[in-house]
Amino acid sequence: MVERYRLEEGIVVGRKALPQGDLLLRFLTPKGSLEAVAKKGLRPTGRSGRLSLFHHVRFQVYAKGEGLPTLTQAELVGRLHGLEEPRRFLLASFLAELAYRLASPEAAPRLYPVFVSGLRGIAKHQEPLLPLVWAGWRVVKAGGLAPSLLGPGLHLRQGRLGQEGVYLGEAGVEALRAILHLPGGEALPYLESAPLERLFLALKAHAEETVGPLRATAAL
């Protein structure tokens, strides 16, 4: 039986109270998705304050056998101010759930920096939907599930353009091509006048088609 400690660093993207005051945590790290249990994490003397959603933490886990690893140490590296606002929090939650589902060990090194950049944008941008649309589609691409955008239509369905699905229009298709094919921030100018709501609807639909329903979608 393998018993080992290991150090990790990442973003808290999920937390759930368990019996006896324990806390089930989900982290997104540069190596992939990770679940761990913080024993007595909800007690007043526990680590709950350092383990709030979207906190950047450095932590140690102890893995034994096939069970979930136990969190043994946690150090707060940084927090994002602004995500307390309800709409920004919901958009960040959607991005976090999508990224967590796609962060395989192979995809995570590409996906993690996009996710972190997206969170920062959602926290600070005047129109938080813009960085969410950019980061959401880039996360999908990093996860290997980008739409092909083949076809002559202006609607997106099952990764192809046609006459059915979510209507993007010419500006939406142009913006989506820019997000998926231009380096980093070069796509952002295309989003300034793009139909963000339609691009977000298409992102939600594409996510459901490829990774299944997301719980955060219901609130949006």
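**Close-up views of the nonpolar cores and salt bridges**

**View 1. Surroundings of Leu-98 in the predicted model.** Setting aside residues up to four places away in sequence, Leu-98 touches Gly-136, Val-139, Val-140, Leu-203, Ala-207, Val-211 and Leu-214.

**View 2. The largest nonpolar core.** This core comprises 57 residues, and Leu-98 is among those with the most contacts inside it, together with Leu-111, Phe-115, Val-133, Trp-137 and Leu-191. At least two core residues are supplied by each of β1 (3-17), α1 (86-102), α2 (108-124), α3 (129-142), α4 (169-181) and α6 (196-210). Helix α3 provides the largest share, ten residues.

**View 3. A second, separate core.** Among the 13 residues of this core are Leu-23, Leu-25, Ala-38 and Leu-71.

**View 4. The salt bridge between Arg-215 and Glu-97.** The two side chains meet with an N to O distance of 3.8 Å. Because Arg-215 lies in the segment after α6 and Glu-97 in helix α1, the pair ties together parts that are 118 residues apart in sequence. Arg-215 is exposed, at 67% relative accessibility, whereas Glu-97 is buried, at 12%.

**View 5. The salt bridge between Glu-85 and Arg-88.** The closest N and O atoms of this pair are 3.1 Å apart. Glu-85 is partly exposed, with 40% relative accessibility, while Arg-88 is buried, with a relative accessible area of 10%.

**View 6. Further salt bridges, from a total of ten in the structure.** Glu-164 pairs with Arg-157, the closest N and O atoms lying 2.6 Å apart; Arg-157 is partly exposed, at 43% relative accessibility. Arg-6, Glu-8 and Lys-31 are joined in a network of salt bridges.

Notes
Residues numbered from 1 in each chain as written. Predicted model: local features only at pLDDT ≥ 70, side-chain atom pairs only at ≥ 80, totals over all residues. Heavy atoms only, no water. Core = buried A, V, L, I, M, F, W, Y, C linked by side-chain atoms within 4.5 Å. Buried < 20%, exposed > 50% of the residue type's maximum accessible area, 1.4 Å probe, protein only. Helix = DSSP H or I, 4+ residues; strand = E, 2+ residues; numbered from the N terminus. Contact = heavy atoms within 4.5 Å. Salt bridge = Lys/Arg side-chain N within 4 Å of Asp/Glu carboxyl O.
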